[in-house]
Structures are given as structure tokens and as C-alpha cells.
Amino acid sequence: MKTSFLFLLLALAAACSPVRVKSAEQAPGVDFTAYRTYNFMDAAARNEAFYLAPGTGIDELKAAVSRELESRGYRRSEKPDLWVNIGVVTQERVQTRQTNFQDAPRYMGQRNYHWKSEDVVVGRYEEGTATVEVVDAARNERVWQGVASSTLSKDPEKVAQRIDEGIQRMFVKFPVPVRP
């Protein structure tokens, strides 16, 4: 009974998490045990000034990915077997609610009165999506990809916590398990 309650509690906590893993895909027929080393693709080489700016979360993403890969036995190297490519996209979202009959104005005596339901803007927020691609360095082919998203916070501690949580949840679906 206690274990089922604990499982239910963990499932509810995961369901209420602000981080969503959208996908994790593996290329078919790839032997991940053949790889030993990894490194990150250089963002400056792609001429993306956004990644070089402070506060983008790229450093936190690299640290979280490094932790996950190293816990699976990979080590960082200048001439890696695997390249890790990190992409980040932010998008402004609009939160709405639908009006209901209680929101309708009261009858004012005009015979041509009508009411229809509509969406009302309640708030605006930013959502960030991180994509982690793992590429076979020798063949230059993607062998694994994970995508996670979350609402962005202005609090750097919350951002770092969500990055850690998102990368950890994403790598649960990585084909190599964590080593004891």
C-alpha cells in the first residue's frame, strides 16, 4: 500500500512538473556501446551570437548534458566519438480563457441582443524549448535527439533547476543506462 501511494505521489509530481519532454528519438541500428567520448559543437562556429550572450542558459544546459553523459560512462574529449549539438528556441505564448454565459452582459431592453463565447487574454509568458542532438562524429549523422520545453522564469535559480530537471527527464529515454 505504501509503495503504491509513493508511486502515485511521484506520478502526480511528474505530471505537474513545469518541464515537458516532447520527444526522444534514436536512430535505428546504432550501437551506443561503441562510443566512448563526446564534446559539444561550437556555437560560435555556427555564427549564432545569441548563444554567446550571458544568461541564455547554454552553460547550464552543457553542464546538465555533461552530467548525464558522464553518468553513463562517456568522457569529454577534444576528438570525440559523439558531437552534442544544443539548440534553444524561445517563444512568447498567450494564456487565454473562454468566456461563458455568466460573463455576458445583462439584458438591456434591445430585441436584437446576442451573445457568443470568445477567448479572452489572461496573460503572456515565454516558453523555452531545448533540443539536444547527439551526432556520430565519424559519419556526421544524428544518432539520438531529445526535445524538452518549459515556461521561462526570470529567476535564474528556477531556470537552472528546470534545465537540470528537463535534461534529466530527457536522458531517461537515452539508450545507454546510468552506470552504478
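The structure is a predicted model, in which local features need pLDDT of at least 70 and side-chain atom pairs count only at pLDDT 80 or more, while totals for chains, interfaces and linings use all residues. Residues are numbered from 1 along each chain as its sequence is written, and side-chain values use heavy atoms, with hydrogens and water left out.

The protein chain contains four helices and six strands. These elements are DSSP runs, numbered from the N terminus: helices are H or I runs of at least four residues, and strands are E runs of at least two. Along the sequence their order is α-β-β-α-α-β-β-β-β-α. Of the 180 residues in the chain, 32% are buried. Buried denotes under 20% relative accessible area, exposed over 50%, and partly exposed the range in between, with a 1.4 Å probe and protein chains only. A contact requires heavy atoms within 4.5 Å. Among contacts with a separation of 6 or more, 76% join residues 24 or more positions apart.

The largest nonpolar core has 29 residues. Such a core is a set of buried Ala, Val, Leu, Ile, Met, Phe, Trp, Tyr and Cys residues joined through side-chain atoms within 4.5 Å. Phe 32, Val 65, Tyr 74, Ile 167 and Phe 174 touch the most other members. Two or more core residues come from each of strand E2 (37-40), helix H3 (58-70), strand E4 (82-98), strand E5 (119-136), strand E6 (141-151) and helix H4 (156-171). H3 gives the largest share, five residues. Beyond its neighbours within four places in sequence, Phe 174 contacts Phe 32, Leu 69, Arg 72, Tyr 74, Val 134 and Trp 144.

H3 and H4 pack against each other at about 35 degrees, and their axes are 9 Å apart. Axes here are lines fitted to C-alpha atoms, for helices over the stretch in contact, with angles from 0 to 180 degrees between N-to-C directions. The crossing is right-handed. H3 contributes Glu 60, Leu 61, Ala 64, Val 65, Arg 67, Glu 68 and Leu 69 to the contact, and H4 contributes Ala 160, Ile 163, Asp 164, Ile 167, Gln 168 and Phe 171. Eight of the contact residues are nonpolar, one is polar and four are charged. In this grouping Ala, Val, Leu, Ile, Met, Phe, Trp, Tyr, Cys and Pro are nonpolar, Asp, Glu, Lys and Arg are charged, and the others, Gly among them, are polar.

Glu 70 also belongs to H3. This residue is partly exposed, at 44% relative accessible area. Its side chain makes a polar contact with that of Tyr 38 at 2.7 Å. A polar contact is a pair of N or O atoms within 3.5 Å; within protein, one must be able to donate a hydrogen and the other to accept it, and residues adjacent in sequence count only if both atoms are side-chain atoms. Not counting residues up to four places away in sequence, Glu 70 touches Tyr 38 and Arg 76. The C-alpha atoms of Glu 70 and Val 178 are 8.7 Å apart, across 108 residues of sequence.

Ser 77 sits in the loop between strand E3 (75-76) and E4. Ser 77 is buried, at 17% relative accessible area. Its side chain reaches the backbone nitrogen of Lys 79 at 3.2 Å. Residues up to four places away aside, Ser 77 touches Thr 37, Tyr 38 and Asn 39.

Arg 124 lies in strand E5 and is exposed, at 57% relative accessibility. The C-alpha atoms of Arg 124 and Val 94 are 4.6 Å apart, although 30 residues separate the pair along the chain.

Asn 140 is placed in the loop between E5 and E6. This residue is exposed, at 60% relative accessibility. Its phi is positive, near 55 degrees. Most residues other than glycine have a negative phi.

Gln 145 lies in strand E6. Its relative accessible area is 13%, so Gln 145 counts as buried. The side chains of Gln 145 and Arg 142 make a polar contact at 2.5 Å. Apart from neighbours within four places in sequence, Gln 145 contacts Ser 23, Ala 24, Glu 25, Thr 131, Val 132 and Glu 133.

Key
Left-handed = near helix turned anticlockwise from the far one by under 90°.
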